[in-house]
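Student: I have a new structure to look at, and I would like to learn how to read its features. Could you walk me through it?

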Amino acid sequence: MASALEDPTLEHNFKGHKDVVTSVDFNPNNKQLATTSIDRCLMIWNLKPQTRAYRFTGHKDAVMCVQFSPSGQLVASASRDKTVRLWTPNVKGASTAFTAHSAAVRSVNFSCDGNFLVTAADDKSIKMWNAHQLRFLLSLKGHNNWVRSARFSPDGRLVVSCSDDKTVKIWDTVSRECINTFTDHRGFANFVDFNPSGTCIASAGTDNTVKLWDVRINKLLQHYEVHSAAVNCLSFHPSGNYLITASTDCTLKIMDLLEGRLFYTLHGHQGPVFAVTFSRHGEYFASGGSDSQILVWKTNFDRIPYNEVLKSHSIRTNPDPAPHITDIHPRIPHLHTSGPQMIQIDPRKHIADMQSSDPPVVDFGVGFSSKLTSRAAEPNCASHLTDQVSSSLYPPCPVSSRGMDPARGEPVTSPLEEHTGIPPKLASTLGHIVEQLDVLTQTVSILEQRLTMTEDKLQECLDNQQTVQQDADCTQMGSGTETGK
């Protein structure tokens, strides 16, 4: 099957972030790509070769998640600074920030109609917001540890979430109650999402596995163990027939869900991969990781017309009828592991259209960001105060100069720090402090994961000891009975 189709090809390799890339998302118009990073920046890349990219600064800490609205006119970003920002992805760079949680915000997601936002954070809560008025609607509470991801179902009726408490939960947005909990992962899940039809969910786990459940019958459908390290992110192809995953083992893997097998293994990143997503129509997918690079791939292998896919899923856009969509059933009932059919692709050797040089980057600070006008947002003093403080810390900055390096003949972008008026020594010291804090944060995260693994091992030892003790007791009772006879 694989030999009859074209293989994915690498189209672009974007470099502009200064730290780990945490999230990627395509504009529905397929002309732009949004990315976020630990470097506190949101970047908008134009997919047309050699066109300028935009770097937006405003968050005070690492930016963990980004998503375009369904219309493509807004971009939402979530940060460890406890805020969510809504940006306009153009040269004006206008943004509005609001404090969404009392701890780091790890996830933000638009509903399919673009009217609502759902956020997840380290305060163990999930919150829903009116996306146009930035008005808080409701809170979903039930997790007892950090919530790493929360996503709407295609019809907006359900929300799926995953947490460090090792559970994946399904929530009813009307009753505000958890209607089901899955505990199949040995570790915790890093990411969850609905398939395009809304009948299944998939989770990416720290136990190196990917799991798919049917949310109608609460049954585990497929279980993949194809990665050698934690799975950090996943994305469904719009057809629902393929699933792509990103892992700490430095690879991307594509599963054929209809055949229930590993389809492709893609090598290209020089370190763990933390983000991956398909474009809205499935022609492309993008990935980002610890090497600070963004790779944009052309799918090639799926030739199903997207219009046909939309027709088959159109019933889910109508909130009146009950869900009724064809399910994905595995053809192979056993665990799916990598086999001889997988195809290795190394973009360092197979590159379709690599850009010869990085695109020019235009920097925008918070001083450039004018506020989005919203009747409900006007009386929100917290939002206004946040932006006023931001403006005082980050004075207005002119657009960075874009010249040519005479030695290399490549575009030169003046860094944003050159326009802030901060003395170079102070900027260097602050940068060093931030780097040390990032290292400390990563160390704490690793220690937490090791502590969790130790707890699991200890519990397993206790269970084994209890089993052995029970067997010994049964043996002793049997011996006593025979002696009595």
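Predicted model: local features only at pLDDT ≥ 70, side-chain atom pairs only at ≥ 80, totals over all residues.

Student: How are the rings of Phe263 and Tyr264 arranged?

Tutor: For a ring pair, look at the distance between the centres and the angle between the planes. The structure holds 10 aromatic pairs. In the pair of Phe263 and Tyr264, the centres are 4.5 Å apart and the planes meet at 50°, so this pair is tilted. For Phe278 and Phe285, the centres lie 5.6 Å apart with the planes at 70°, so that pair is edge-to-face. Phe278 is buried at 4% relative accessible area, and Phe285 is buried at 0%. Rings can also gather in a group: Tyr54, Phe56 and Trp87 form one aromatic cluster.

Student: Which strand does S26 pair with, and how do the two run?

Tutor: S26 covers residues 273–278 and is joined by five bridges to S27, residues 284–289, with the two running antiparallel. As an example, Ala275 has Gly288 in S27 as its bridge partner. The two strands form a hairpin with five residues between them, and Gly282 in the turn has a positive phi of about 85°.

Student: How many residues of S26 are buried?

Tutor: Here is the general idea: in a regular strand, side chains alternate between the two faces of the sheet. In S26, five of the six residues are buried, so the strand is mostly covered.

Student: How many disulfides does the structure hold?

Tutor: A disulfide is read from a pair of cysteine sulfur atoms within 2.5 Å. A search of the whole structure finds zero disulfides.

Student: What does the whole chain look like in numbers?

Tutor: Start with the elements: the protein chain has three helices and 32 strands. Of its 485 residues, 51% count as buried. Among contacts with a separation of 6 or more, 52% come from residues 24 or more positions apart. Finally, the chain exposes about 22,700 Å², and carbon and sulfur atoms supply 54% of that area.

Terms used. Residues numbered from 1 in each chain as written. Heavy atoms only, no water. Phe/Tyr/Trp six-rings, centres within 6.5 Å; stacked < 30°, edge-to-face > 60°. Buried < 20%, exposed > 50% of the residue type's maximum accessible area, 1.4 Å probe, protein only. Helix = DSSP H or I, 4+ residues; strand = E, 2+ residues; numbered from the N terminus. Pairing = 2+ DSSP bridges. Contact = heavy atoms within 4.5 Å. Areas by Shrake-Rupley, 256 points an atom, 1.4 Å probe, with all protein chains shown as cover.
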